[in-house]
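Me: Could you go through this two-chain model with me? I would like to ask things as they come up.

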Amino acid sequence: MTRDYLRRLGIAGLTGFSNLGRATVLWARAMWGLPRWADVGLLTRQMYQVGVQSIMIIVLSAFAIGAVLSLQFYTQLANFGAQDSVGVGLALVLLRELGPVVTGLLFAGRAGSAITAEIGLMKTTEQLSSMAMMGVDPLHRVLAPRLWAGMISLPLLTLIFNAIAIFGGVVVGVHWLGADEGSFWSGMQNAVDIWNDFGKGMIKALVFGVLVSWIAVFQGYDAEPTAAGISAATTRTVVLSSIAILATDFVLTLGMYGNFGS
Amino acid sequence: MRMRTIEISVGAFVAAAIVAMVFLAVRVSGVSFGAEQETYKLKARFDEVAGLRRRARVSIAGVNVGRVADIHVDIAYGEAIVTLEIDGKPGELSIDTGAKILTEGILGARYIGLLPGADEEMLEAGDTISETQGALVLENLIGDFVTRMGAS
């Protein structure tokens, strides 16, 4: 009984390590393939699929999140007569945490799942093997552009998310609830540091971009070539990406802002 | 979809992101491009600076005139040395200018208020302000109060 349990635990552990190893090799080999000038067209097409098509969901969510944050900050801060600090709280929360994290989660749901399903179906219908037979390396032709597109698109989407969310916060906090516009902006400009808040947030976005596109591509490439296999792989992409984003975010925050004070 | 349409929309996407970045840098982070504003540095010694942070504002009569550039401690004297970065050129603040650590609102951030004096001699860059009043610490105030109550 116990031995059986231990055995299964051992198998699961070894499978986990071998998956991680294969995923790392796959990532390294695919990243090596680009950028080559001949592949810019492929990259552009993927940027369209992954980035441009995600703009709508990003803009709508960003506006809603900025608006609701502003509402919450305003009602709580008004208790202390500090409603003019809404801008500070809004900008810091968005730039440091919510911008990269929420964009990453939405990106995993919107673009990561699509990448996995697409590559999984290519594998199931043996498009990948036929490419390899024709002497076209699917790593370079299919995987690499998606990895790069995800890595580039997520930071760009995060920039748009942050800007729109702050706009949403201004609409609710200043134009609707009536926080003072002057101290809203000046408080923000005094408190936000270009590197410490904005720059570090963008580094998070880049890390999440690498993680999500890596997980999505590997899950697609590794999917069991059946309908059920693709569905399971797509689910795993979203679940693993979300966990990876949230866990990595905690570690990054700890590293970046760990020495509280100063 | 035609390749050209895709290229145009990706281009627009990148352009939108760049606009967002400029907005976040200039409007939100308050980075100003162009000529760096002229500033000079003054020092001030305080017996207590609890709650004061770098980049806190320095004001005269509530109007921003600079920011806190650096805070470090002089262990031998048990005092804090605060470096102030004042906008403009030296020669406008008299040598008996006072500095006070104040609080915005009840829970607000700490900032420094300067009170220009009347002396004819002016502070030069790098000079130290000696007329200072440190931050009020609630525990010390309560301590004083309790001691006085005990004495009377």
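What follows is a conversation about the chains, their contact and some local details.

Me: Before we start, what kind of model is it, and how are things numbered?
Reply: This is a predicted model, in which local features need pLDDT of at least 70 and side-chain atom pairs count only at pLDDT 80 or more, while totals for chains, interfaces and linings use all residues. Residues are numbered from 1 along each chain as its sequence is written, chains are lettered from A and ligands numbered from 1 in the order in which they are written, and side-chain values use heavy atoms, with hydrogens and water left out.

Me: OK, chain A: how many helices and strands?
Reply: Chain A has 9 helices and 0 strands, where helices (H or I, at least four residues) and strands (E, at least two) are DSSP runs numbered from the N terminus. The C-alpha trace of chain A spans about 65 × 55 × 35 Å along its principal axes.

Me: And how much of chain A is buried?
Reply: Of its 262 residues, 46% count as buried; buried means under 20% relative accessible area, exposed over 50%, and partly exposed in between, with a 1.4 Å probe and protein chains only. As for contacts (heavy atoms within 4.5 Å), residues 24 or more positions apart account for 85% of those in chain A with a separation of 6 or more.

Me: Switching to the interface, what area is buried between chain A and chain B?
Reply: About 2400 Å² is buried between chain A and chain B, and carbon and sulfur atoms give 75% of that; buried area is the accessible area (1.4 Å probe) that two parts lose on being put together, summed over both. The contact takes 30 residues from chain A and 26 residues from chain B.

Me: How many salt bridges are there between chain A and chain B?
Reply: The count is 0 salt bridges between chain A and chain B, a salt bridge being a side-chain nitrogen of Lys or Arg within 4 Å of a carboxyl oxygen of Asp or Glu.

Me: Which helices of chain A supply the side that touches chain B?
Reply: Helix 2 (40-50), helix 4 (86-124), helix 6 (138-176), helix 7 (181-191) and helix 8 (194-221) of chain A each supply at least two residues of that side, and the largest share, 8 residues, comes from helix 6 of chain A. The residues of the side of chain A that touches chain B divide into 19 nonpolar, 9 polar and 2 charged, where Ala, Val, Leu, Ile, Met, Phe, Trp, Tyr, Cys and Pro count as nonpolar, Asp, Glu, Lys and Arg as charged, and the others, Gly among them, as polar.

Me: What covers the buried residues of helix 2 of chain A?
Reply: The cover includes helix 4 and helix 6 of chain A together with helix 1 of chain B. Among the buried residues of helix 2 of chain A are Leu42(A), Leu43(A), Met47(A) and Tyr48(A).

Me: Now chain B, what is the strand order in its sheet?
Reply: Chain B has an open sheet of 8 strands in the order 7-1-4-3-2-6-5-8, with mixed pairing; two strands pair if DSSP finds at least two bridges between them. The edge strands are strand 7 and strand 8 (131-133) of chain B, each of which pairs on one side only.

Me: How does strand 1 of chain B pair with strand 4 and strand 7?
Reply: Strand 1 and strand 4 (residues 79-87) of chain B pair in the antiparallel sense over 8 bridges, with Val82(B) as the bridge partner of Ala44(B) and Arg45(B) opposite Ile81(B). Strand 1 and strand 7 (residues 128-129) of chain B pair in the parallel sense over 2 bridges, and there Lys43(B) stands opposite Thr128(B).

Me: Which residues of strand 1 of chain B are on the covered face?
Reply: The covered face of strand 1 (residues 39-46) of chain B has Tyr40(B), Leu42(B), Ala44(B) and Phe46(B), whereas Thr39(B), Lys41(B), Lys43(B) and Arg45(B) are on the uncovered one.

Me: Last topic, where is Glu126(A), and what is its phi?
Reply: Glu126(A) lies in the loop between helix 4 and helix 5 (127-133) of chain A, and Glu126(A) has a positive phi of about 60° although it is not a glycine. Glu126(A) counts as exposed because its relative accessibility is 54%.
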